[in-house]
Amino acid sequence: MAARAELRIGLIGYGFMGRAHSNAFIQVGHFFDLPYDLKLKVMCGRKRSAVEAMASQWGWEEAQTDWQSVVTRKDIDVVDICAPNHLHAQIAIAAAEAGKIVLCEKPLAMNVVEAREMANAAHSIPNLVWFNYRRVPAIALAKELIEQGRVGKPYHYRATYLQSWGANPQSPDAWRFRNVEAGSGAMGDLLSHSLDLALMLNGPISELTSLIHTFTPNREVDDAVIALTRFANGSIGTFEATRFAIGCQNRNYFEIHGEKGSIRFNLEDLNRLEVFDRNDATEIQGGHQVLVTGPGHPYTSHFWPPGHIIGYEHTFIATLADFLNCLSKNEAFHPNFDDAVDVQKLLEAVETSAQKGTWAKVLGG
């Protein structure tokens, strides 16, 4: 068997996403045939004791606290960024300038200016943004059905991303509530995912109007955001993202209604897709639940036998596998930094619209 090329990983960040990414690096070769061997070289974080404990638990060779030294090391091929949002740009640009492959968590940046700088710096560098929900098999199937014309001309796109942890004033994710580190609240954290999926499934958004609200006194970032949109394809859309939806843990939901049918998805039941086909006989018309675990469904042949459900972690594994296969073939991967710039433009339009109380144009911005 021919030896495979080795990619040595440097991970910047060690919290929730540090665990999710570490698991993907460890597991991806167990489920997918890869063109590379991955070496977990160094995990980097601000608190030495915490990052050392995390690195040891997840099998990283080293733990460091200085990201500048990590991104310039000759024994690092890939820099993966899951640090707080305000660090994304400086780390990604430094890594790109050092010739590293760059992976970055969402939202890509604090604003459009930063996002464009990152995309420009990484223009000739392989890059990835961890909009991992694109690789949920049910969502990938939804995209296939839309491309096959099963929904027909789209009329409505509705999306909600509902969580409740922001109502807890003692939440451990304190940096996410500080504007200087997060840049926004539910907008960047949740709405960015909904917008990325909408762009993938229903195409560009031409204009929008929005409302942003903070429930907690003196909190620096938004708790909730609502937007009305017009898509370039003529359909209209609604988006809601909040950390104050009491009773909802992680309800990333969308539905699409078109002339021929509809599709509904809820991440809290991520193995199922609801499909309605208007061509069914009238007496049997109704939405039916598809258990998207195979056979023949996207990604499912890499995991378990049909009927055996997968989980949240598999979305990162499939994302990484697709990226590595594109990398080996010198093919474009999506979502990349350019795709994330489009999301950042929409987030900025949402903020501008809410501040001015007007519609904001976004297509081609």
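**Aromatic contacts in a predicted model**

Let's start with the rings. Phe16, Trp130, Tyr133, Tyr161, Tyr312 and Phe316 are linked into a cluster by ring pairs. Rings of Phe, Tyr and Trp (its six-membered ring) pair if their centres lie within 6.5 Å.

Ground rules next. This is a predicted model, where local features need pLDDT of at least 70, side-chain atom pairs count only at pLDDT 80 or more, and totals for chains, interfaces and linings use all residues. Residues are numbered from 1 along each chain as its sequence is written, and side-chain values use heavy atoms, with hydrogens and water left out.

The structure holds 17 aromatic pairs. Take Tyr133 and Tyr312: ring centres 6.4 Å apart, planes at 55°, so the pair is tilted. Planes under 30 degrees apart would count as stacked, over 60 as edge-to-face, and the rest are tilted.

Where do Tyr133 and Tyr312 lie? Tyr133 is in the loop between strand E6 (127-129) and helix H6 (137-147), and Tyr312 is in the loop between E14 and helix H9 (313-329), so the pair ties together parts 179 residues apart in sequence. Helices (H or I, at least four residues) and strands (E, at least two) are DSSP runs, numbered from the N terminus.

Accessibility now. Tyr133 is buried, at 3% relative accessible area. Tyr312 is partly exposed, at 26%. The cut-offs: buried is under 20%, exposed is over 50%, partly exposed is in between (1.4 Å probe, protein chains only).

Last, charges over rings. Arg219 lies over the face of Phe177, 3.8 Å from the ring centre. The charged end of Arg230 sits over the ring of Trp359, 4.3 Å from its centre. The test is NZ of Lys or CZ of Arg within 6 Å of the ring centre and within 35 degrees of the ring normal.
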